[in-house]
Amino acid sequence: MDTSLYLARLIGPMLLIVGLGVLINRENFRTMAKEIAASPEMMFIIGLLTLLGGLAILTTHNVWEGWPTIITVFGWIFAIGGAARILFPDAVRSLQSAALDKPAVPLIGGTVQVIFGAWLSYVGYLA
């Protein structure tokens, strides 16, 4: 199987399910995200896992042509986001807290995740 299809099949359903979870449970998500941001230990662990996931994508999939480009972009977003949480946790915590104070942020974030997740799932499984 093509690496792009494999990663679309992996990332698509994950984004779709997480995005739906955020949309269905917006207030629970905001509460959880605020608690995670307040915990230096959780910020480090999430940064480590996000960095690892991003690097795993980038080492197997550095494609800048056609639809697979979005997978590479997600790899970079994950790697940079994970590194930022490890290197600059206070700055990330401040940005995250400010964003979570706005009730529309989970709605927007969840919607974007559902759209990309549904599209990657479609491309990975049905196209």
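Mentor: Leaving aside neighbours within four places in sequence, Leu 5 is in contact (heavy atoms within 4.5 Å) with Trp 67, Val 123 and Gly 124. Before we go on, this is a predicted model, in which local features need pLDDT of at least 70 and side-chain atom pairs count only at pLDDT 80 or more, while totals for chains, interfaces and linings use all residues. Residues are numbered from 1 along each chain as its sequence is written, and side-chain values use heavy atoms, with hydrogens and water left out.

Trainee: In which helix does Leu 5 lie, and how far in space is Leu 5 from Val 123?

Mentor: Leu 5 has its place in helix α1, where helices (H or I, at least four residues) are DSSP runs numbered from the N terminus. Although Leu 5 and Val 123 are 118 residues apart in sequence, their C-alpha atoms are separated in space by 7.4 Å.

Trainee: Is Leu 5 buried, partly exposed or exposed?

Mentor: The classes rest on relative accessible area, with buried meaning under 20%, exposed over 50% and partly exposed in between, for a 1.4 Å probe and protein chains only. Leu 5 has a relative accessible area of 25%, and therefore counts as partly exposed.

Trainee: What is Ile 71 in contact with, leaving aside its neighbours within four places in sequence?

Mentor: Ile 71 is itself a member of the largest nonpolar core, and it is among the buried residues of α4. With those neighbours left aside, its contacts are Ser 4, Leu 7, Ala 8, Ile 11, Ile 57, His 61 and Leu 120.

Trainee: Against which helices do the buried residues of α4 pack?

Mentor: Helix α4 has 19 residues and reaches 27 Å from its first C-alpha to its last, close to the expected 27 Å, the expected span being 1.5 Å times one less than the number of residues. Its buried residues include Thr 69, Ile 70, Phe 74 and Gly 75, and the buried residues of α4 pack against α1, α3 and α6.

Trainee: What covers the buried residues of α6?

Mentor: The 22 residues of α6 should span 32 Å, and the end C-alpha atoms are 31 Å apart, which agrees. Among the buried residues of α6 are Pro 106, Gly 110, Val 114 and Leu 120. The cover over the buried residues of α6 includes α1, α2 and α4.

Trainee: How many salt bridges does a search of the whole structure find?

Mentor: A salt bridge is a side-chain nitrogen of Lys or Arg within 4 Å of a carboxyl oxygen of Asp or Glu. One of them joins Glu 27 to Arg 30, with the closest N and O atoms 3.2 Å apart, and another joins Arg 93 to Asp 90 at 2.7 Å. Asp 101 and Lys 34 also meet in a salt bridge, at 3.5 Å from N to O, and the search of the whole structure finds three.

Trainee: How many residues apart are Asp 101 and Lys 34?

Mentor: This pair links distant parts of the chain, with Lys 34 in helix α2 and Asp 101 in the loop between α5 (89–100) and α6 (104–125), a separation of 67 residues.

Trainee: Where do Arg 93 and Asp 90 lie, and is Asp 90 buried or exposed?

Mentor: Arg 93 and Asp 90 are three residues apart in helix α5, and so are separated by about one helical turn. Arg 93 is buried, with a relative accessible area of 17%, whereas Asp 90, at 57%, is exposed.

Notes:
A nonpolar core is a set of buried Ala, Val, Leu, Ile, Met, Phe, Trp, Tyr and Cys residues joined through side-chain atoms within 4.5 Å. Helices (H or I, at least four residues) and strands (E, at least two) are DSSP runs, numbered from the N terminus.
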